[in-house]
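User: I am new to this structure and would like to learn how to read its pockets and its helix packing, one step at a time.

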Amino acid sequence: MEYRRLGKSGLKVSEFSFGSWVTFGKQVDGGDAKSLMTAAYDAGINFFDNAEGYEQGNSEKLMGDALKDLGWGRDSYIVSSKVFWGGSKPTQKGLSRKHVTDACNAALKRLQVDYLDLYFCHRPDVDTPIEETVRAMDALITQGKILYWGTSEWTAQQLTEAWGVARAYGLTPPTMEQPQYNILERRKVEGDFLPLYELFGLGTTIWSPLASGILTGKYLEGIPNDSRLNLPGYEWLKERWSTPDGREKQAQVKELAELAGEIGISLTHLSLLWCLYNPHVSTVILGASRLSQLEDNLAALAHKDKVTAEVMARIDEIVGNKPAGPQRF
């Protein structure tokens, strides 16, 4: 396992990290959570990703119980939460100062920690001024409840506004963004954000490197009964890959699988290593409901030398989606 700086910060994050979206509280119980986190930690993973919106907080409770039982030194791992979807009442969602603060305190209790290393705005909130959110995050940093704050699925324009507010008023700017990034979804990370890495030192903790399992190739012959595309509440994932665009991407996945076979690795490993090839990726968040899945994902690190510039160029030819550059507004 190698470690990368989280943007321009001094924090070193493992190149692979472990997240609990979809799995903890849905497919994974307390015992399995401990086994998965232990395997990740023993392999060198030091960042564990979570959110208030994952299974209505139950994902954080499972992770918190595991962290307590495992007894790792608090200085040896990084844990995150995200704020946006906390409940149905007006004060339980969004990025108002109240909800940002309440959600942080609730996450600390569920995760059973004294502070959060990383705290993300899970989505942009059009009803709350960005200045209010920036001030709320800065206050939590001042109070010692969080160390770094960031965003998830914000636009380059929104991030630039947040940085402008922070610099104008002497507040802490966002350190990192958590966008979706994989072979099939590249525009934001490789296009829109391109100027921000140099201007702001933006770090990225990318999610869905396997496109919800599509880039493992396991859906080429149909949808397995135990896959996340068949989970209650995730019908939107299944519908996404049933569209004409989804079917076109499946054809691309078949070609990618053939390329992976040519160079002697699995499509899963090719897809994960493709993400790591980008120097602007601070860490790739893995998700697994079984130990065998996690172990297989981690095994990709042994094949970095097989993903060369030539292989990357062939992938570009297959998918034909390399961004030309930042979008102009």
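Analyst: Let us begin with the general idea, which is that a pocket is an open set of grid points with protein on both sides within 12 Å along at least five of seven lines, while its volume is the space filled by probe spheres set on those points. What you see here is a predicted model, and in this model the second largest pocket has a volume of about 290 Å³.

User: How many residues line the second largest pocket, and which of them lie nearest its centre?

Analyst: The lining of the second largest pocket consists of 17 residues, and those nearest the centre are Y181, R186, E190, N278 and K322. Sorted by class, the lining holds 10 nonpolar, three polar and four charged residues.

User: Which helices supply at least two residues each to that lining, and where does the largest share come from?

Analyst: Both α10, spanning 267-277, and α12, spanning 309-319, supply at least two residues each, and the largest share, four residues, comes from α12.

User: Turning to helix packing, at what angle do α4 and α5 pack, and how far apart are their axes?

Analyst: Helix α4, residues 130-142, packs against helix α5, residues 156-169, at an angle of about 60 degrees, and their axes lie 9 Å apart.

User: Which residues meet where α4 and α5 are in contact?

Analyst: On the α4 side they are I130, E131, V134 and R135, which meet Q158, E161, A162, V165, A166 and Y169 of α5. By class, this contact comprises six nonpolar, one polar and three charged residues.

User: What is the angle between α3 and α4, and which residues meet there?

Analyst: Helix α3, residues 97-111, and α4 pack at about 30 degrees with their axes 9 Å apart, and α3 passes α4 in a right-handed crossing. From α3, the residues R97, V100, T101 and C104 meet E132, R135, A136, M137, A139 and L140 of α4, a contact with six nonpolar, one polar and three charged residues.

Key. Residues are numbered from 1 along each chain as its sequence is written. This is a predicted model: local features need pLDDT of at least 70, side-chain atom pairs count only at pLDDT 80 or more; totals for chains, interfaces and linings use all residues. Side-chain values use heavy atoms; hydrogens and water are left out. On a 1 Å grid over the protein atoms alone, a cavity is a set of points where a 1.4 Å probe fits but cannot get out, and a pocket is an open set with protein on both sides within 12 Å along at least five of seven lines; lining residues have an atom within 4 Å of a point. Ala, Val, Leu, Ile, Met, Phe, Trp, Tyr, Cys and Pro count as nonpolar, Asp, Glu, Lys and Arg as charged, and the others, Gly among them, as polar. Axes are lines fitted to C-alpha atoms, for helices over the stretch in contact, and angles run from 0 to 180 degrees between N-to-C directions. Contact means heavy atoms within 4.5 Å. A crossing is left-handed if the near helix is turned anticlockwise from the far one by less than a right angle, and right-handed if clockwise.
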